Amino acid sequence: MQKKAITEKEALVKLSGLCVKAEHSSGEMLQKMRLWKMPEDAQERVLRQLIDQQFVDDARFAKAFIADKIHYNGWGRRKIEQALRLKGVAEDVYQPILDSVDDEEYLSQLRPLLKSKWKQIRAASDYERSGKLIKFAMSRGYTLDIIRQCIDGAVEADLE
């Protein structure tokens with residue numbers, strides 16, 4: 001069964017209602033309109049209105065998204081970058097925001113993760129255990145330099 005095409009006005013009302021509840025990126029808005037099979041020119045007009053009325057702001061979205069993913073999900077920079085690209089946020093929008101995040105914020109999230117993981121890992125040697133920890137941290141999106149800082153300091157201090 002084919003759905004009735006959605007009008008620009010209906011799309012604007014639905015999308016602005018979504019944006020009132022939570023931050024959304026322009027890419028997410030375009031994706032929804034594509035699912036509704038709206039013509040491209042109509043999609044652009046609706047998105048322009050959402051941006052002009054400040055319902056959608058990719059920089060504001062990126063700032064909130066980055067903070068949430070670091071503090072609540074324990075994600076590293078690489079995983080956040082990938083997620084933002086999937087959300088349709090332009091690199092020139094999110095890159096300065098990511099660059100402004102201090103390494104210590106990542107370290108403060110990664111240290112407890114690695115500390116709890118250290119106890120769970122079964123390995124024949126510290127070398128093998130460190131390799132498994134690195135693989136785990138990389139899967140969470142952390143960069144190798146941040147991981148090394150955590151592991152090198154933690155092995156000496158308090159992981160054991």
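1. Does Glu23 count as buried, partly exposed or exposed? In this predicted model, Glu23 has a relative accessibility of 31% and therefore counts as partly exposed, the limits of that class being 20% and 50%. Its partner in a salt bridge is Arg60, with the closest N and O atoms 2.8 Å apart. This pair links distant parts of the chain, since Arg60 belongs to helix H4 (residues 58-71) whereas Glu23 sits in the loop between helix H1 (8-21) and helix H2 (26-35), 37 residues apart. Arg60, at 32% relative accessibility, likewise counts as partly exposed.

2. A second salt bridge brings together the side chains of Asp99 and Arg77, at 2.6 Å from N to O. This pair, too, links distant parts of the chain, with Asp99 in helix H6 (residues 91-99) and Arg77 in helix H5 (residues 77-86), 22 residues apart. Arg77 counts as buried because its relative accessibility is 16%, which falls under the 20% limit.

3. Within helix H8 (residues 126-139), Glu128 and Lys132 lie four residues apart, about one turn of the helix, and their side chains meet in a salt bridge of 3.6 Å, N to O. Glu128 is partly exposed at 32% relative accessibility, and Lys132 is partly exposed with a relative accessible area of 36%. Elsewhere, salt bridges that share partners join Arg77, Arg78, Glu81 and Asp99 into one network.

4. For the overall tally, a search of the whole structure finds ten salt bridges, among them the Arg60 and Glu23 pair described above.

Terms used: Residues are numbered from 1 along each chain as its sequence is written. This is a predicted model: local features need pLDDT of at least 70, side-chain atom pairs count only at pLDDT 80 or more; totals for chains, interfaces and linings use all residues. Side-chain values use heavy atoms; hydrogens and water are left out. A salt bridge is a side-chain nitrogen of Lys or Arg within 4 Å of a carboxyl oxygen of Asp or Glu. Helices (H or I, at least four residues) and strands (E, at least two) are DSSP runs, numbered from the N terminus. Buried means under 20% relative accessible area, exposed over 50%, partly exposed in between (1.4 Å probe, protein chains only).
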